[in-house]
Amino acid sequence: MTRDVYSESKPARTGDSNMAQPLAVTTSTFEEEILKSEVPVLVDFWASWCAPCRQVAPVMDRIAEEYEGSLKVAKVDVDAESELAGSFGISSIPTIALFEPGEQPKAVVGALPKEMLESAFELDRFAKK
């Protein structure tokens with residue numbers, strides 16, 4: 001089954017699959033899902049009209065699968081959640097930000113390949129041993 005994670009008509013995560021998938025986050029769920037998370041969270045700030053954002057979608061899906069249990073992957077639709085995106089100074093998309101407990105978020109902008117995201121955020125720290 002293939003799904004368009006960035007479709008406005010489908011949730012980012014459904015209960016019909018055992019594979020880890022990015023979690024759609026809104027203003028009302030951001031604090032609980034991201035800021036209070038016990039594991040680091042990689043957040044994709046995106047929009048449905050953004051072609052580079054659609055290029056990042058499969059990369060975020062692979063990261064969600066490979067780091068399941070040690071890293072959470074979430075998505076914030078900047079059109080639907082403009083106030084939330086603005087509160088983090090998101091002015092270009094896609095912006096990928098890593099939120100680690102007790103740390104300031106770190107971010108990169110652009111449709112980067114998986115290896116570059118892993119390197120930029122040192123995600124190997126969270127790889128399953």
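Phe-45 is buried (under 20% relative accessible area, where over 50% is exposed and in between is partly exposed, with a 1.4 Å probe and protein chains only), at a relative accessible area of 1%. The model is predicted, so local features need pLDDT of at least 70 and side-chain atom pairs count only at pLDDT 80 or more, while totals for chains, interfaces and linings use all residues. Residues are numbered from 1 along each chain as its sequence is written, and side-chain values use heavy atoms, with hydrogens and water left out.

View 1. Phe-45 belongs to strand β2, residues 41-46. Strands (E, at least two residues) and helices (H or I, at least four) are DSSP runs, numbered from the N terminus. Beyond its neighbours within four places in sequence, Phe-45 has contacts (heavy atoms within 4.5 Å) with residues including Val-76, Val-78, Phe-88, Ile-90 and Phe-99.

**View 2. The five-stranded sheet.** The strands form an open sheet in the order β1-β3-β2-β4-β5, and the pairing is mixed. Strands β1 (23-24) and β5 (106-109) are the edges, each pairing on one side only. Two strands pair if DSSP finds at least two bridges between them. Strand β4 (residues 95-99) runs antiparallel to β5 and is joined to β5 by four bridges. Leu-98 has Lys-106 in β5 as its bridge partner.

**View 3. The Phe-30 and Phe-88 pair.** The whole structure holds four aromatic pairs. Rings of Phe, Tyr and Trp (its six-membered ring) pair if their centres lie within 6.5 Å; planes under 30 degrees apart count as stacked, over 60 as edge-to-face and the rest as tilted. Phe-30 and Phe-88 make a tilted pair, 5.2 Å centre to centre with 50° between the planes. Phe-30 lies in helix α1 (residues 27-35) and Phe-88 in the loop between α3 (82-87) and β4, so this pair ties together parts 58 residues apart in sequence. Phe-30 is buried at 3% relative accessible area, whereas Phe-88 is partly exposed at 32%.

**View 4. The Phe-30 and Phe-99 pair.** The ring centres of Phe-30 and Phe-99 are 5.6 Å apart and the planes stand at 80°, so the pair is edge-to-face. Phe-30 in helix α1 and Phe-99 in strand β4 are 69 residues apart, and their pair links these distant parts of the chain. Both Phe-30 and Phe-99 are buried. Through ring pairs, Phe-30, Phe-45, Phe-88 and Phe-99 are linked into a cluster.
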